[in-house]
Amino acid sequence: MGTGSLTRARALRGLVALVGELGGDGAELFARFRIPIDAVEGTDPDALVPTRSVARVLETAAAELGCGDLGLRLAQRQGPEILGPLAVAVQNSATLGDALDCASRYLYVHSPALTIGAVADPEGVAGVTGLEYGSTDPLPPQVADLGVGVLHRIVGLLSGGPYGLRSVHLPHPAPADADRFRGFFGAEVRFDRPAAVLRVPADLVRRPLAGGDETVRAIAIEYLETHFDRPGRTVTDRVRAAVDRSLGSGPVRIGSVARLLRVHPRTLQRHLAGEGTTFEQVVDDARRDTAERLILRTDLPFTQVAAMIGLAEQSALSRASRRWFGTPPRELRKAGLPVA
């Protein structure tokens, strides 16, 4: 995996103890790959280790201990807390879809090499969608198992229990103890597939999360935005983040966003033009994406949806919905299908 990228050391939390329980020497293993145990098990949420070292220590431990399900065993010991500040934003989302969107958008804080996203069902079944755990590089078996295992646990914890998992795809050959995989996921596991995917009900994203606090979520996202710079982040990305935080709180004007970014409005417009867009287009895109999420994933009245995306009236939302989606908001919600 990415030779130059770094991953939060907490991704390996629990591994030293697990290796010891399996008859190995966790301290020696970590020392061999120059991974400080204090960075993994300590209290520093920002400790980093090379992404390549994370993969190598997992694969080596699995091979030397003869434990083909090492990644799953480690996943069983982990949960949202390994995501650090991102976990706060995820757990305080309104719906499971919002939580997944948040995780997808800010996963680079945990590791810039990893990705999470919704994809079409790899088996083409109606009413089923895929949650894909991926990487910018091929996923070694134990990394894939650990990542998909933790994703499964987080979705289960957010859902309050079983969430209708149909089956699991993993991109490596079946290990000797393949039955352990079915027991862990509680569903059929298919190996040698093109990608690591949880096949879930398509309406899973609509499920509300209990105990979420929008104010806490906003504070957590503000922290992520201001303390962690996205790799390859463009001016458009930074403007979009500022616009997303401002929607519904008042008029979104280029002057106020420019002040947040500490740049003159005309300079900001020039940067956006150089990236092939405009401030108005960024605002429109932000309103469109937020409107789609609120229409499809909540039961909020359309007057409230309009206010939350900075439109004065429901009629303005209806006109915008026809322009964005080709249908009024009521029909879009009734259809219940995400827009391509």
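The expected span of a helix is 1.5 Å times one less than its number of residues. I note this rule first, as I apply it to one helix below. The model I examined is a predicted one.

**Entry 1: the whole chain**

I began with the secondary structure and found 17 helices and seven strands in the chain. I then looked up the radius of gyration, which is 22 Å; the globule rule gives 20 Å for 340 residues, a close value, so the chain is as compact as a globular protein of that length. Along the principal axes, the C-alpha atoms fill a box of roughly 65 × 45 × 35 Å.

I turned next to contacts along the sequence. Of those between residues at least 6 apart, 69% join residues at least 24 apart.

**Entry 2: surface and charge**

I recorded that 50% of the 340 residues count as buried. The accessible surface comes to about 16,000 Å², and carbon and sulfur atoms hold 52% of that area. I also looked up the charges: the chain has 40 positive and 39 negative ones, and their mean positions lie 6 Å apart.

**Entry 3: helix α8**

I applied the opening rule to helix α8, which runs over residues 141-159. After the helix comes Gly-160, for which I noted a positive phi, near 85 degrees.

**Entry 4: Thr-277**

I located Thr-277 in the loop between α13 (265-274) and α14 (279-297). Is Thr-277 buried or exposed? Its relative accessible area is 15%, and buried means under 20%, so Thr-277 is buried. Leaving aside residues up to four places away in sequence, I found that Thr-277 touches Thr-236, Leu-272 and Val-282.

**Entry 5: Ala-242**

I placed Ala-242 in helix α11, residues 235-246. Its relative accessibility is 1%, so Ala-242 counts as buried. Which residues does Ala-242 touch, not counting those up to four places away in sequence? I found Val-257 and Leu-260. Val-257 is 15 residues from Ala-242 along the chain, and the C-alpha atoms of the two are separated by 6.4 Å.

Conventions:
Residues numbered from 1 in each chain as written. Predicted model: local features only at pLDDT ≥ 70, side-chain atom pairs only at ≥ 80, totals over all residues. Heavy atoms only, no water. Helix = DSSP H or I, 4+ residues; strand = E, 2+ residues; numbered from the N terminus. Rg over C-alpha atoms; globule rule 2.2 N^0.38 Å. Buried < 20%, exposed > 50% of the residue type's maximum accessible area, 1.4 Å probe, protein only. Contact = heavy atoms within 4.5 Å. Areas by Shrake-Rupley, 256 points an atom, 1.4 Å probe, with all protein chains shown as cover. Lys, Arg positive; Asp, Glu negative; His and termini not counted. Charge placed at Lys NZ, Arg CZ, Asp CG, Glu CD.
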